[in-house]
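I opened my notebook to look through one model, part by part. Here is the structure I had on screen.

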Amino acid sequence: MLSLKNQFIFAPIKTGYSNGNGMVTDRNIAFYDRRSAYVGAVTPEPFYLDQGLRELPTQMGIDNDDKIEGLEQLVKVIHQYDTKAIAHINHPGRMANPKIPGNYFLSSTDQPCENGGKTPKRMDKDDINNVVELYKDGVLRAQKAGYDIIELQLGHGYLLAQFLSPLVNDRSDEFGGTFENRIKFPLEVVQTVVDTVNLPVIVRISGDEMIPEGIKLPEMIKLSEILEEKGVQAIHVSAGTVCSTPPWFFQHMFIKKGKTWELAKKIKQKINIPVIYVGRINTPEDIEKVQKEYKAEYIAVGRALVADADFIGKYLSEVKGPFRPCLACVEGCLGGVKSGKGLQCLVNPEVGREKESLAKADHSKKYAVVGGGLAGMQAAVTLRKRGHKVDLFEKDALGGQFNLAPLTPHKKSMGKLVPYFKEVLNYYKVNVVFEEAGKSDLISKYDGVILATGSKPAVPYIPGLNNFYWAEILLPENLPQNKKVLIIGGGLIGVDIATALIPRNNKVIIVKRTVDFGGDMEMIAKNLSLKMMKEKGSVFSDHTHIKNIEGRTVYAERDGVNIIFDDIDIIVVSTSMTSYNPLEKELNEHVPVYTIGDAKQVGNAQDAIRDGYETARII
Ligand SMILES: Cc1cc2nc3c(=O)[nH]c(=O)nc-3n(C[C@H](O)[C@H](O)[C@H](O)COP(=O)(O)O)c2cc1C
Ligand code: SF4
């Protein structure tokens, strides 16, 4: 029995907040402390079983007794709230991080992941025995440190899934071939763990790896039945693999929500132990849906608790305030982990810095925030939370350029952010003034002015470039159909625009001065967008410099060779943005001025929100 105080579980999410020695850090503690109060159980990030098996250089480990003290502290923090601590134990096999010196790679096969990674050693019987011992030692340490539950990873394309998967497992010995052979080693691990600890054991699986020849539901149903017989207490049903189908693993905004719920439901129909549902359960409506329609006994929530540490608290009406939405973008969370900065969040600037609290101001002041884009809205809310009075000036629409983001086909979830900010501005009683801020008022009426006037497109000088669109081509009234469109600029905005043009039967040519189309994009979105563009016959022209335009003909140079794009109906310019900050000089000598977001330095949405928050936190 899991015996949790409620049905909500914080899902395992790599944070990368450790210190390079695998120890639990204050940053880890603060992050989980902030998220433990309202859920029934917390699963900290997977603990590595051996120094050479890390997925991140800054992952927490359970490979040695010297880790127990820190792991115990983490448990104590979680236990403060009568919340259970789940130790998630995983061996990555061939998916250990190839960039970490000293890492080694084992698998059911000697083939690397087709999307990168080192060539693994095909495990022999000794390797199998050694891995079983690693699990045994790891879970004993978890038990010693006070964890209440063990979760074993048999999914997501990691080592044990590399044995289960008919696609990856190409062995002809007793561990390969038939289902019975492929499950042998994973079951040995499970059995050993169940026999070793006096704790309930959960198994996490991918109900479907979402790739032809990969793990499919019928076998996972059979496996779940066997796991139940072996004494496993719950099955946690996810999907995808870290090697082949990361959009499914991470439940990216580009895929539809609900597939994992379907898989979980079908497994539940065949077993008596509880099934844990997971996958983009990130609104109160989703919770109600999986409870009522799917009869979920346990609900694991990952990113919604990253984006809003009080997501479950608010759902349970124990915390007041608007829900800060997770956009399923993985830009901040996965992006932060991959960049080495550690887990962050596009919408929540406090993620990863939970120790730095937001202090009430000693003296309440009156601030003007000029510009109601993401940076301005975040600054205004943060100042109000600190006890200041705030007027937020916006002459057009709140949200600024971010209002265009949800207009691309797979980014509808981005459309939750501006309404959230509107709600939260209202909640914290920010005075929003829908007019241009007057200079003399800014000087005379405020103790400080925050300039968040954003950026404008930097239009390159090209003779003949007279009629063109910028990103506003995404507006429904502008979006063309059956046209030949040349996009000048192949970064995030250019690629996003292309993905919106293609479904309307437009022929897309995209040109870039350098080589990396979508180079500034989050990896999963980039890969899926470029794949779609290639499949639909978009023309990519890198190293291309547009020289001049005459009528519908565009003259260009590619690697020193003259080329022509003819019969162009529409030109879109998405080359770069430049800061727009007309007020700073005029105000500077008269009133304290703080320039934030794109007006200071052009960046992405996360940069804008972080800058707005940070400036308002410290002034
Ligand atoms: C940055 C990040 C790291 C993750 N790391 C792991 C991991 O190491 N192991 C794992 O089983 N799942 C991992 N997950 C998947 C989550 O546990 C969860 O299944 C997924 O995020 C879908 O749930 P959600 O939509 O509630 O976030 C990770 C997810 C994210 C976004
Ligand atoms: S970065 Fe995006 S996906 Fe990740 S938690 Fe934040 S909003 Fe959700």
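My entries on a helix pair, the domains and a ligand follow.

**Ground rules.** I am working with a predicted model, where local features need pLDDT of at least 70, side-chain atom pairs count only at pLDDT 80 or more, and totals for chains, interfaces and linings use all residues. Residues are numbered from 1 along each chain as its sequence is written, while chains are lettered from A and ligands numbered from 1 in the order in which they are written.

**Helix pair.** I looked up helix H1 (residues 26-35) and helix H2 (residues 68-79), which pack at an angle of about 20° with axes 9 Å apart. Helices here are DSSP runs (H or I, at least four residues), numbered from the N terminus. Axes are lines fitted to C-alpha atoms over the stretch in contact, and angles run from 0 to 180 degrees between N-to-C directions. H1 and H2 are therefore roughly parallel to each other (angles under 35 degrees count as such). I noted Asn28, Ile29, Tyr32 and Asp33 of H1 meeting Gln73, Leu74, Val77 and Ile78 of H2; contact means C-beta atoms, placed from the backbone, within 7 Å.

**Domains.** I found domain 1 (8-339), domain 2 (366-456 + 578-618) and domain 3 (460-574), with bounds from an automatic or database domain assignment. The centres of domain 1 and domain 3, over C-alpha atoms, are 40 Å apart. Their contact takes 9 residues from domain 1 and 4 residues from domain 3.

**Ligand 1.** I counted 23 residues around ligand 1, the closest being Ala11, Gln251, Gly302, Arg303 and Cys333; the cut-off is a C-beta atom, placed from the backbone, within 6 Å. Helix H13 (333-339) gives the largest share of this shell, 3 residues.

Note on methods:
Helices (H or I, at least four residues) and strands (E, at least two) are DSSP runs, numbered from the N terminus. Angles under 35 degrees count as roughly parallel, over 145 as roughly antiparallel, 65 to 115 as roughly perpendicular and the rest as oblique. Two residues are in contact if their C-beta atoms, placed from the backbone, lie within 7 Å.
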